[in-house]
Amino acid sequence: MLQELKAKPIVFFDGGCPLCKKEIRHYQRVDTDNSIEWVDIYLNPERLSNHKIELNAAMERLHSINSDGEINTGVASFLLIWENLPRYKKIARLLRALKLEPLLEFIYTRFAAWRFKKRCNDQCSPISRN
């Protein structure tokens, strides 16, 4: 019997943000099975429109799409990343088992707002393609 192939999760990240870029590069190195599609929205903002995600929203909070096509943001996106990376699967399971998602989301929301304001001053622009 043929097994149905699931789509790879997609993670949209701000490659123009040094902190974000550094963290995502770490995850990309750990993703030795190439189990996640990594999309730098600073270089490829058009990739968001296929999923009806606004650029400013994606710049403000980490966005992802799980293998079922559902859009996630914030901590749910980090958990999606971790669940798909060998070194991080146990951490994701532990955080879910301890029901820490609401607390982590509270912290992430504040951090993301600070980062967005510092990085974008309420308006982010992708790289110019002139």
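**Exercise 1.** Is E101 buried or partly exposed, and what is its relative accessible area?

*Solution.* The model is predicted.
Step 1. The relative accessible area of E101 is 27%.
Step 2. Buried means under 20% and exposed means over 50%, with partly exposed in between.
Step 3. E101 is therefore partly exposed.
Step 4. The salt-bridge partner R96 has its closest N atom 2.9 Å from an O atom of E101. R96 has a relative accessibility of 33% and also counts as partly exposed.

**Exercise 2.** Determine which parts of the chain the salt bridge between D14 and R115 links, and classify both residues by accessibility.

*Solution.* 
Step 1. The side chains of D14 and R115 meet with an N to O distance of 3.2 Å, within the 4 Å cut-off for a salt bridge.
Step 2. D14 sits in the loop between β1 and α1, while R115 is in helix α6; the pair is 101 residues apart and links distant parts of the chain.
Step 3. D14 has a relative accessible area of 3%, so D14 is buried. R115, with 9%, is buried too.

**Exercise 3.** Describe the largest pocket by volume, lining and residue class.

*Solution.* 
Step 1. The volume of the largest pocket is about 240 Å³.
Step 2. Its lining has 17 residues, and C20, L62, F78, Y108 and R115 lie nearest the centre.
Step 3. At least two lining residues come from each of β1, α1, α3 and α6.
Step 4. By class, the lining holds 12 nonpolar and 5 charged residues, with no polar ones.
Step 5. F78, one of the residues nearest the centre, is among the buried residues of α4. Helix α4 has 7 of its 9 residues buried, so α4 is largely enclosed by the rest of the structure.

**Exercise 4.** Which residues make the nonpolar surface patch of about 320 Å²?

*Solution.* 
Step 1. The patch is made by L19, F111 and W114.
Step 2. L19 is found in helix α1 and, at 47% relative accessibility, counts as partly exposed.

Technical notes: Residues are numbered from 1 along each chain as its sequence is written. This is a predicted model: local features need pLDDT of at least 70, side-chain atom pairs count only at pLDDT 80 or more; totals for chains, interfaces and linings use all residues. Side-chain values use heavy atoms; hydrogens and water are left out. On a 1 Å grid over the protein atoms alone, a cavity is a set of points where a 1.4 Å probe fits but cannot get out, and a pocket is an open set with protein on both sides within 12 Å along at least five of seven lines; lining residues have an atom within 4 Å of a point. Grid points are joined across faces, edges and corners, and a volume is the space filled by probe spheres set on the points. Helices (H or I, at least four residues) and strands (E, at least two) are DSSP runs, numbered from the N terminus. Ala, Val, Leu, Ile, Met, Phe, Trp, Tyr, Cys and Pro count as nonpolar, Asp, Glu, Lys and Arg as charged, and the others, Gly among them, as polar. Buried means under 20% relative accessible area, exposed over 50%, partly exposed in between (1.4 Å probe, protein chains only). Patches are made of residues with over 30% relative accessible area and no salt bridge: like charges are joined within 9 Å, nonpolar side chains (Val, Leu, Ile, Met, Phe, Trp, Tyr) within 5 Å. Accessible areas come from the Shrake-Rupley method with a 1.4 Å probe; for residues, only the protein chains shown count as cover.
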